[in-house]
Amino acid sequence: MSQSSKLRKAVNLALQGGGSHGAFTWGVLDCLLQDDRVDIEGISGTSAGAINAVVLVDGFMQGGIDGARQALHDFWKAVSDEARASPIQRSPLNMLTGDWSLDNSPGYLWFDLVSRMASPYEMNPLNMNPLRDLLERQVDFERIHHCELIKLFVSATNVHTGRVRVFSCGEISVDAVLASACLPHMLQAVEIDGVPYWDGGYMGNPVLFPFFDACETEDVVIVQINPIERKDTPKTARDIIDRVNEITFNSSLLKEFRAIDFVSRLIEDGKLDPAHYKQIRVHRIEGNEFLNPLGASSKLNTEWAFLQHLFEAGRDTANVWIEGTFDALGKHSSMDLRAMFQG
């Protein structure tokens with residue numbers, strides 16, 4: 001993706017899902033788009049990451065870099081506006097204490113309890129999904145189909161086979177994005193050509209392998225909003241469930257990390273021909289400092305003040321990352337995968 005002939009270092013972006021925490025990724029993307037040293041060749045997104053990806057590409061097709069930044073802003077503002085009438089809001093106590101979580105919200109507590117006792121087929125038999133209307137208003141999917149400057153991949157999980165389905169630019173529709181963001185305890189499975197799909201995070205959060213054949217650059221930047229590691233042992237039932245979900249949604253990414261490291265070692269040892277195999281360089285922009293202290297319930301908090309807070313945190317984190325990592329792009333990984341799997 002480039003609007004000038006100026007040489008820029010190319011990267012592929014891998015965007016994780018995480019509900020409203022995706023606003024952190026919005027801030028990261030805004031910073032990367034604004035920086036004139038970084039060129040985005042491909043984007044792979046899951047759930048909120050898929051939403052950020054399609055909004056960015058649609059905006060870029062319409063108005064270049066400025067169009068992409070504006071489209072992301074407009075989408076997240078529309079998310080906040082749509083949720084103003086929702087019964088799931090922060091409690092007065094949380095507002096007074098500056099706690100962004102919804103743990104004391106009567107609406108959230110009711111929804112959380114009912115979703116564990118009844119399926120979305122029982123709770124929402126008409127299969128109403130406000131995200132569908134929002135995406136259809138904010139994104140022109142026909143325009144995305146004609147994008148040649150950014151390679152786009154959205155992943156969802158096939159309910160029947162348990163395997164990942166990757167949708168590329170020409171296949172991406174509102175249903176593909178909704179499938180990628182379909183949490184099964186909250187929403188009915190999204191059917192595409194008669195096949196039901198759930199959230200892509202179960203089998204790829206996000207998937208990296210499409211980059212290896214479709215893109216020339218060997219630098220992959222993970223925008224990670226689900227922590228791989230936590231220092232504290234969860235003790236409450238809710239904390240245990242939240243940690244299980246984090247582990248589950250990171251498991252496929254860790255497998256891809258291990259595979260990348262394995263291939264790199266074989267190339268370094270001369271057992272694979274580098275002319276036929278890519279030695280992928282992996283980098284990571286993570287929001288642990290800002291996101292780890294937040295409760296899992298805050299992923300449903302769509303207050304504009306909260307989304308702006310996450311946006312600014314994402315921009316600040318990306319700025320620090322660029323200054324510290326730019327020189328590594330095109331040369332070596334800034335993420336030590338080997339050390340990750342030695343512990």
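Student: Which is Asp 112, buried or exposed?

Tutor: Keep in mind that this is a predicted model. Buried means under 20% relative accessible area. Asp 112 has 14% relative accessibility, so it counts as buried.

Student: And what does Asp 112 form a salt bridge with?

Tutor: Look for a Lys or Arg side-chain nitrogen within 4 Å of a carboxyl oxygen. Here the partner is Arg 116, with the closest N and O atoms 2.9 Å apart. Both sit in helix H4 (residues 106-117), four residues apart, about one turn of the helix. Arg 116 is partly exposed, at a relative accessible area of 47%.

Student: Where do Arg 281 and Asp 219 lie?

Tutor: That pair links distant parts of the chain: Arg 281 belongs to strand E8 (residues 281-286) and Asp 219 to strand E7 (residues 219-224), 62 residues apart. Their side chains meet in a salt bridge, 2.9 Å from N to O. Arg 281 counts as buried at 16% relative accessibility, and Asp 219 is buried too, at 2%.

Student: Which residues are linked with Arg 338 in a network of salt bridges?

Tutor: Asp 261, Arg 265 and Glu 268.

Student: Now helices. At what angle do H1 and H12 pack?

Tutor: For packing, read the angle together with the axis distance. H1 (residues 22-34) and H12 (residues 304-325) pack at about 45°, their axes 6 Å apart. That makes H1 oblique to H12. Their crossing is right-handed, and the residues of the contact divide into 14 nonpolar, five polar and two charged. Among the residues that meet are Phe 24 and Trp 26 in H1, and Leu 307 and Phe 311 in H12.

How values were computed: Residues numbered from 1 in each chain as written. Predicted model: local features only at pLDDT ≥ 70, side-chain atom pairs only at ≥ 80, totals over all residues. Heavy atoms only, no water. Axes fitted to C-alpha atoms, helices over the stretch in contact; angles between N-to-C directions. Helix = DSSP H or I, 4+ residues; strand = E, 2+ residues; numbered from the N terminus. Parallel < 35°, antiparallel > 145°, perpendicular 65-115°, else oblique. Left-handed = near helix turned anticlockwise from the far one by under 90°. Contact = heavy atoms within 4.5 Å. Nonpolar A, V, L, I, M, F, W, Y, C, P; charged D, E, K, R; others polar. Buried < 20%, exposed > 50% of the residue type's maximum accessible area, 1.4 Å probe, protein only.
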